[in-house]
Amino acid sequence: MKARWDIFCSVVDNYGDIGVTWRLARQLAAEHACAVRLWVDDLRAFERMCPEVDVQLDQQWQEGVDVRHWSQDWAPTPAADVVIAAFACQLPHDYMEAMAGCEHSPLWMNLDYLSAEEWVVGCHGLPSVKFKGVQKYFFFPGFRPGTGGLLREAGLIERRQAFQRDLQGRQQFLQGLGVFPAKGARLMSLFAYENAGLASWLDVLAADGQATHLLVPEGRILGDVQRWLGVEALAAGDIHLRGTLTVQVLAFVRQEQYDRLLWCCDFNAVRGEDSFVRGQWAGRPLLWHIYRQDEDIHLDKLDAFLALYTQALSAPAKAALIALWQAWNTDSDMASSWKILLEHWPELTVHAEKWCLEQALQADLATALVQFYENWI
Ligand code: TRH
């Protein structure tokens, strides 16, 4: 009999919560023959990345996943064999009672936030709280051996590499999005939160000897782009040229298309958690806008990732990358760090692919979860 999995996703803000749980749910169903229910409290956020979602429905099937609207009025529901609370969300009390009432307690896990910090290795898989005899465990994604790894579908890297080799396929994909970059232009994507450092970056791109075509999916950074362009409003489809910089606004696309967009670009600015990981699987140099946390604790997470990511780089390339990422994450001037980074472009490009392949040697997160369950029973 198929193991039954319940994944609970509460959308706090943005798209990372649903982005991560949707990928995980799909992969568990498609690759591990699990019967997966995905409980989501905000179907509108889900609809942005999976337009087939009907926001009116309490129950629907999407790509082999039983999608449930997690509403305030919780109807009695039997507990699954494995229960995942994503990002420490609080399960409905009645559901916890149902877990406690099971003849065989389910495996209950908290899928934590992604961090490259060293302590994660020591905490991954440890018992957390108990509810009436049902034990909860910490499950930490991560970059280091001994963590739960990263979400990565089977064959992802091979598909990505084949797509990157297929010039015509890439052109067709971009044309489908209305993107026609000039020959020789550097193609870049920009998905980020509001950032006061953006103007200085765009200034230097506009004055660069090489042309840049910058793709900006609709979202929080658009206000800063708009101010820099000096236009009244920006909407998907808009294209503006300033110096050697073309800025093009894109509609928010479905998750698989966003992956392909990252694969097409020479450089990706990504953010949060899920796009950050997908940027790494793209095998291209990237810039991470980390999710801001109280008391700047996100800056420790940033440093921890940088320490790992830059280990194999030459000293000057390492310094250039660190300077750029730190400038971006402290709303600082980007001009000089970007210019210096350009000097190390070939090394950073080779490194991005190498890092991706190294990370792909680890078991992926869905497989690690299934393994954890199998060891547990
Ligand atoms: O949206 P985010 O900022 O999410 C954040 C982080 O996860 C953060 O850690 C968390 O605490 C906070 O949410 C609540 O960035 P993230 O994680 O990259 O998620 C974006 C998702 O949107 C990702 O799955 C990719 C998807 N996406 C599309 O499907 N289409 C698009 O066009 C774009 C730009 C993104």
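Mentor: The largest cavity has a volume of about 100 Å³. A cavity here is a set of points, on a 1 Å grid over the protein atoms alone, where a 1.4 Å probe fits but cannot get out. Its volume is the space filled by probe spheres set on the points, with grid points joined across faces, edges and corners. This is a predicted model: local features need pLDDT of at least 70, side-chain atom pairs count only at pLDDT 80 or more, and totals for chains, interfaces and linings use all residues. Residues are numbered from 1 along each chain as its sequence is written, and side-chain values use heavy atoms, with hydrogens and water left out.

Lining residues have an atom within 4 Å of a point. Among them are Val20, Leu111, Leu114, Pro141, Glu273, Asp274 and Leu365. By class, eight are nonpolar, one is polar and two are charged. Ala, Val, Leu, Ile, Met, Phe, Trp, Tyr, Cys and Pro count as nonpolar, Asp, Glu, Lys and Arg as charged, and the others, Gly among them, as polar. Domain 1 (4-151 + 363-376) and domain 2 (156-359) each give at least three residues to this lining. The domain bounds come from an automatic or database domain assignment.

The whole structure holds two cavities of 30 Å³ or more.

Next, the open space. A pocket is an open set of points with protein on both sides within 12 Å along at least five of seven lines. The largest pocket has a volume of about 790 Å³. Its lining counts 40 residues, with Gly16, Tyr193, Gly272, Glu273 and Asp274 nearest its centre. α1 (16-32), α9 (255-264), α10 (274-281) and α11 (297-309) each give two or more residues to the pocket lining. These helices are DSSP runs (H or I, at least four residues), numbered from the N terminus. By class, the pocket lining has 22 nonpolar, eight polar and 10 charged residues. Both domains give residues to this lining, so the largest pocket lies between them.
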